[in-house]
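Okay, everyone, thanks for coming.

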Amino acid sequence: MNMLIYLIPIALFMGGLGLFGFLWSLKNGQYDDLEGASWRILDDEDERPRP
């Protein structure tokens, strides 16, 4: 039972850290273009001249 005194604050801190990271990524626009990456992978890049 003494271990819970240490584990509960550590778990709360790690949860808060994860929440902070998620909110930071929302603020910086990480989730703005959800479909762009899926379309870029299908692009053949044939329109660009090859050296």
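Before any areas, a word on what they are: accessible areas here come from the Shrake-Rupley method with a 1.4 Å probe. On that basis the chain exposes about 5,400 Å², and carbon and sulfur atoms supply 65% of that area. Keep in mind that this is a predicted model.

So what's the fold? The chain has two helices and zero strands. And how much of the chain is buried? Of the 51 residues, 4% count as buried.

Let's go to helix H1, which takes in residues 4-27. UniProt has something to say about this stretch: an unreviewed entry there annotates residues 6-26 as "transmembrane region". That comes from the record, and such annotations may be inferred rather than shown by experiment.

Now the surface. Which residues make the nonpolar patch? Met1, Met3, Leu4, Ile5, Tyr6, Leu7, Ile8, Ile10, Leu12, Phe13, Met14 and Leu17 do, and the patch comes to about 1,400 Å². Take Leu7 as one of them. Leu7 lies in helix H1, and its relative accessible area is 45%, so Leu7 is partly exposed. For the patch, a residue needs over 30% relative accessible area, so Leu7 at 45% clears that cut-off.

Next, Ser25, also in helix H1. Is Ser25 buried or exposed? Buried: its relative accessibility is 11%, and the cut-off for buried is under 20%. Who does Ser25 touch? Once you set aside neighbours within four places in sequence, Ser25 is in contact with Gln30 and Tyr31.

Tyr31 brings me to the rings. How many aromatic pairs does the structure hold? One. The partners are Phe22 and Tyr31, with ring centres 6.1 Å apart and planes at 45 degrees, so this pair counts as tilted. As for cover, Phe22 is partly exposed at 42% relative accessibility, and Tyr31 is partly exposed too, with a relative accessible area of 41%.

So, looking back at Tyr31: its ring pairs with the ring of Phe22, and Tyr31 is also in contact with Ser25. That's what I had; over to you for questions.

Definitions and conventions: Residues numbered from 1 in each chain as written. Predicted model: local features only at pLDDT ≥ 70, side-chain atom pairs only at ≥ 80, totals over all residues. Heavy atoms only, no water. Patch = residues over 30% accessible without salt bridge, like charges linked within 9 Å, V, L, I, M, F, W, Y side chains within 5 Å. Salt bridge = Lys/Arg side-chain N within 4 Å of Asp/Glu carboxyl O. Helix = DSSP H or I, 4+ residues; strand = E, 2+ residues; numbered from the N terminus. Buried < 20%, exposed > 50% of the residue type's maximum accessible area, 1.4 Å probe, protein only. Phe/Tyr/Trp six-rings, centres within 6.5 Å; stacked < 30°, edge-to-face > 60°. Contact = heavy atoms within 4.5 Å.
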